[in-house]
Amino acid sequence: MQGKPLKIFVYHAGQCDPKKCTALKLKRHGLVYLVRQIRLLPKGAVILNPFSKIAFSPADRERIEKYGLAALDFSWEHAEKPLMKNVRGASRCLPYLLAGNPVNFGCPTKLSTVEALAAALYIAGFKDEAYKLLSIFKWGHTFIELNIKMLEEYARAKNSHEVVEMQKSFLESTFH
C-alpha cells in the first residue's frame, strides 16, 4: 500500500554553480519544492542540518511522513551562523557517509543536496524514493554503492543514539 507522496523541500540560497546544482535539477524534475527563505520551510519538517546535535535516524520517519523532509542548499563556508539562528523544526545531522558526486567524490560528509536527501530517505525506510532522486544523475548510483553497508546499518537503528554508536564503529574500523 503506497501512502501519500512525501513532501521534500530545499532551501536554496543561490550560492552554487547552477549547472552543477543538484537541488535545481531535482526541482526541474518536479521532485522537490524550492524555497528561497529558511522561514518558508514547513514547521515540523525534518531539516537536514550539519550543525544539529541530533543524528538523523529511522525514528524520524513518522515526522517526514507527516511534515516533510528539508535540505539546506548553500555554501557551507558561510553557513554556520545563519543556520544556527534561523532553522526551526526538527534539525538533524546525517551520520558519516562518503560523497559519490564528481565534485567531492569519496570525501567524508561532503554530500550534495541530492545525496543528503537520498541518505535520509534511505535510512528512514523510503528506499524507492531515495533511488528515484538519485536516478536523474549519471553518478547517482555511485552514492548508494559507496555507502550501502553504512546505509543499511543506519536504517536498522532504533534511534539517534544507535546511529551515533554505529557511526563510531564505522569510523574506528575505517581509521584503525
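Visitor: What makes strand 3 and strand 5 a pair?

Guide: In this predicted model, strand 3, residues 46-48, is joined to strand 5 in the parallel sense over three bridges. Two strands pair if at least two bridges are found between them, and three bridges are found here; strand 3 and strand 5 are therefore called a pair. On strand 5, R92 is the bridge partner of L48.

Visitor: Through what do strands of a sheet pair?

Guide: They pair through backbone hydrogen bonds, in either a parallel or an antiparallel manner.

Visitor: In what order do the five strands stand in the sheet?

Guide: The order is 2-1-4-3-5, the sheet is open, and the pairing is parallel. Strand 2 (33-35) and strand 5 (90-92) each have a single partner strand, so one side of each is left without a neighbour in the sheet. From one strand to the next, the twist averages 25°.

Visitor: Which strands does helix 4 lie across?

Guide: Helix 4, residues 113-123, lies across strand 1 (8-12), strand 3 and strand 4 (69-73).

Visitor: Why is R61 called partly exposed?

Guide: The relative accessibility of R61 is 29%. Buried means under 20% and exposed means over 50%, with partly exposed in between; R61, at 29%, therefore counts as partly exposed. R61 lies in helix 2, which spans residues 61-67.

Visitor: Which residues is R61 in contact with, leaving aside its neighbours within four places in sequence?

Guide: R61 is in contact with A124, G125 and F126. Although R61 and G125 are 64 residues apart along the chain, their C-alpha atoms are separated by 7.4 Å.

Visitor: What volume does the second largest pocket have, and which residues are the closest to its centre?

Guide: The second largest pocket has a volume of about 330 Å³. Of the 15 residues that line this pocket, P5, L6, I8, L31 and K132 are the closest to its centre. Helix 5 (residues 127-134) gives the largest share of the lining, four residues. By kind, the lining of the second largest pocket divides into seven nonpolar, two polar and six charged residues.

Methods
Residues numbered from 1 in each chain as written. Predicted model: local features only at pLDDT ≥ 70, side-chain atom pairs only at ≥ 80, totals over all residues. Heavy atoms only, no water. Helix = DSSP H or I, 4+ residues; strand = E, 2+ residues; numbered from the N terminus. Axes fitted to C-alpha atoms, helices over the stretch in contact; angles between N-to-C directions. Contact = heavy atoms within 4.5 Å. 1 Å grid on protein atoms, 1.4 Å probe; cavity = no way out; pocket = protein on both sides within 12 Å on 5 of 7 lines; lining within 4 Å. Points joined across faces, edges and corners; volume = space filled by probe spheres on them. Nonpolar A, V, L, I, M, F, W, Y, C, P; charged D, E, K, R; others polar. Buried < 20%, exposed > 50% of the residue type's maximum accessible area, 1.4 Å probe, protein only.
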